[in-house]
Each structure stands twice: as structure tokens, then as C-alpha cells.
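Please read the points below with the structure open beside them. They go from the chain as a whole to single residues.

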Amino acid sequence: MLSLSRAIWCAPERHAGSGWHGTSTIGCIGAAAGAAVLLGLDEAQIANAMSLATSMASGSKIETKVGRSAVDNLAYPDPSNEMQARFSVQYCLAVALTDIGLSLRDFTPQAAARPELRVLMAKINMTSYSAEGERGVERLPHHVHITLKDGRTLKDGRGLSTERLHANGAIQRPLTDAQKLAKFEDCLRWSGRQDTEMAYASVKRLCSEDSVKAITDGLLTGRDSS
């Protein structure tokens with residue numbers, strides 16, 4: 001235990017200085033040691049308790065597997081600003097898991113610097129298919145697999161895993177009316193407009209109107225009034 005303490009605190013640049021959060025990485029190890037002592041366990045039992053805690057030290061882990069081109073484009077595992085966050089699978093997954101989805105408000109300087117996201121991002125790893133695996137295949141599914149902090153995985157039948165061949169909004173996976181409205185409202189809120197339902201109703205008439213002028217006039221009027 002003393003050796004572990006020295007390694008962590010006598011060389012902080014190797015732990016906290018590298019972005020690790022001590023509470024999540026070593027907190028449970030210390031808690032296991034303290035509880036073992038209070039329970040009167042012997043040396044071997046204390047070592048076993050700490051060993052079990054070590055296996056859970058980093059919390060949940062998320063593994064993703066994507067196409068090789070996606071790895072090239074999603075080039076920022078540790079984004080330093082909101083622009084890089086747009087091209088970071090670690091950031092986008094951390095937000096999606098924390099907030100149950102993403103919106104335009106998640107790509108601001110303040111949002112990109114949220115400390116609780118940084119802790120989760122460190123647990124997300126991205127790999128890709130091999131060149132051989134992609135050869136001759138038009139499209140391969142992207143995978144997300146979550147290992148829980150107690151070590152359970154999909155192999156146990158109790159973990160979390162999913163795959164997706166097409167993104168939401170693709171022809172093969174069209175958005176629902178509710179999803180379209182939510183996306184439209186998010187865009188209008190970003191622009192400062194409040195008349196989202198009226199504007200959405202105008203846009204939906206686009207295919208049935210003889211001229212787009214009535215629709216654009218309505219959108220401009222709504223913009224001026226908001």
C-alpha cells in the first residue's frame with residue numbers, strides 16, 4: 001500500500017498530471033484496504049480484497065469499433081476546444097452517455113471543458129476494422145461495447161452492446177417525425193428563435209405549396225417577431 005501511495009503522490013505528474021482522477025482510479029483500492037483492516041482480515045485476505053478492487057478501479061469501459069475512414073476523421077481523443085470535440089468519438093460518446101443524446105449546446109467552449117466528461121472520455125477506446133476486413137465490403141457496422149465496472153460484459157448476457165450499419169437520418173434509417181422536430185427545434189434555438197412549432201409547420205408545407213415565397217415570408221416574419 002505504501003508503494004502504491006508513493007507511486008501516486010510522490011510523482012503526481014504520472015497520475016493526476018496525466019489526466020487521471022484519483023477518486024475513480026485508486027479510491028476503491030484504498031476503501032477496500034480500509035474495510036479489510038476494520039474487518040480484521042489477515043495479510044493474504046487484505047491483498048485479495050485490494051486485488052479485487054483493482055480490477056474495478058477504472059470504472060466502466062467503452063470499446064468502439066468503426067471503419068478506417070472514421071478513425072482518420074475522428075482524430076481527437078482528447079479535444080482541446082469545441083471544434084475538435086465535433087471530431088472526437090470519445091467526447092460524443094461521453095456526452096451521449098451522460099446526457100442521453102447530443103445537441104448543438106454540447107459544442108461550445110464551456111461544454112467541451114466539462115470535467116465529468118473528461119473522466120469518462122479516458123475510459124473510451126476506439127479501434128477500426130483492418131484493411132483486409134474492409135476489402136470488398138461496401139459498408140460495415142460500427143460497434144459500441146460497454147464493460148461494467150464489476151467486469152460484466154456481453155459474454156455474461158448482462159453487459160451492454162450495440163451495432164449500427166447506418167446512421168440515424170440515412171435513407172435506410174430515416175428519422176421519425178419526433179426526431180425531425182427535435183432536430184429542427186435544436187437548430188432554431190441555437191439561432192435564438194422561439195417560434196419553433198410555427199416554423200416547422202411552414203417547412204413541412206414545402207412540398208405542397210405552389211411557391212416557396214409564402215413559406216420563406218412566414219419564416220422571415222417569425223424571425224423578426226422572435
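**Notes on the predicted model**

1. The protein chain has 13 helices and four strands. Here helices (H or I, at least four residues) and strands (E, at least two) are DSSP runs, numbered from the N terminus. The model is a predicted one: local features need pLDDT of at least 70, side-chain atom pairs count only at pLDDT 80 or more, and totals for chains, interfaces and linings use all residues. Residues are numbered from 1 along each chain as its sequence is written, and side-chain values use heavy atoms, with hydrogens and water left out.

2. Of the 226 residues of the protein chain, 27% count as buried. Buried means under 20% relative accessible area, exposed over 50%, and partly exposed in between (1.4 Å probe, protein chains only). Among contacts in the protein chain with a separation of 6 or more, 50% are made by residues 24 or more positions apart; a contact means heavy atoms within 4.5 Å.

3. The largest nonpolar core has 19 residues, and those with the most contacts inside it are Ile62, Tyr91, Ala94 and Leu117. Two or more residues of this core come from each of strand 1 (61–66), helix 7 (89–99), helix 8 (109–112), helix 9 (115–121) and strand 2 (124–128). Helix 7 gives the largest share, five residues. A second, separate core of eight residues includes Ile26, Ile29, Ala32 and Ala36. A nonpolar core is a set of buried Ala, Val, Leu, Ile, Met, Phe, Trp, Tyr and Cys residues joined through side-chain atoms within 4.5 Å. In soluble globular proteins, nonpolar side chains tend to be buried together.

4. What do the buried residues of helix 7 pack against? Their partners are strand 1, helix 6 (82–85), helix 8, helix 9, strand 2 and strand 3. The buried residues themselves are Val89, Gln90, Tyr91, Leu93, Ala94 and Val95.

5. Tyr91 belongs to helix 7 and is buried, because its relative accessible area is 0%. With neighbours within four places in sequence left aside, Tyr91 is in contact with Pro79, Ala85, Asp106, Phe107, Ala111, Ala112, Leu117 and Met121. One of these, Phe107, is 16 residues from Tyr91 along the chain, and the C-alpha atoms of the two are separated by 10.0 Å.

6. Leaving aside neighbours within four places in sequence, the contacts of Gln90 are Tyr76, Pro77, Met121, Ile124 and Met126.

7. Helix 7 is followed by Ile100, which lies in the loop between helix 7 and helix 8. Phi of Ile100 is near 60 degrees, a positive value in a residue other than glycine. Ile100 counts as exposed because its relative accessibility is 76%.

8. The largest pocket has a volume of about 1,700 Å³. It has 45 lining residues, of which the closest to its centre are Leu93, Leu102, Arg164, Ala167 and Asn168. Strand 1, helix 5 (68–73), helix 7, strand 3 (142–147), strand 4 (160–164) and helix 11 give two or more residues each to the lining. The lining divides into 22 nonpolar, 13 polar and 10 charged residues. Ala, Val, Leu, Ile, Met, Phe, Trp, Tyr, Cys and Pro count as nonpolar, Asp, Glu, Lys and Arg as charged, and the others, Gly among them, as polar. A pocket is an open set of points on a 1 Å grid over the protein atoms alone, where a 1.4 Å probe fits, with protein on both sides within 12 Å along at least five of seven lines; lining residues have an atom within 4 Å of a point. Points are joined across faces, edges and corners, and the volume is the space filled by probe spheres set on them.

9. The structure holds two aromatic pairs. One of them, Phe184 and Tyr200, is tilted, at 5.3 Å centre to centre and 50 degrees between the planes. Phe184 lies in helix 11 (residues 177–190) and Tyr200 in helix 12 (residues 196–204), so the pair ties together parts that are 16 residues apart in sequence. Both Phe184 and Tyr200 are buried. Rings of Phe, Tyr and Trp (its six-membered ring) pair if their centres lie within 6.5 Å; planes under 30 degrees apart count as stacked, over 60 as edge-to-face and the rest as tilted.
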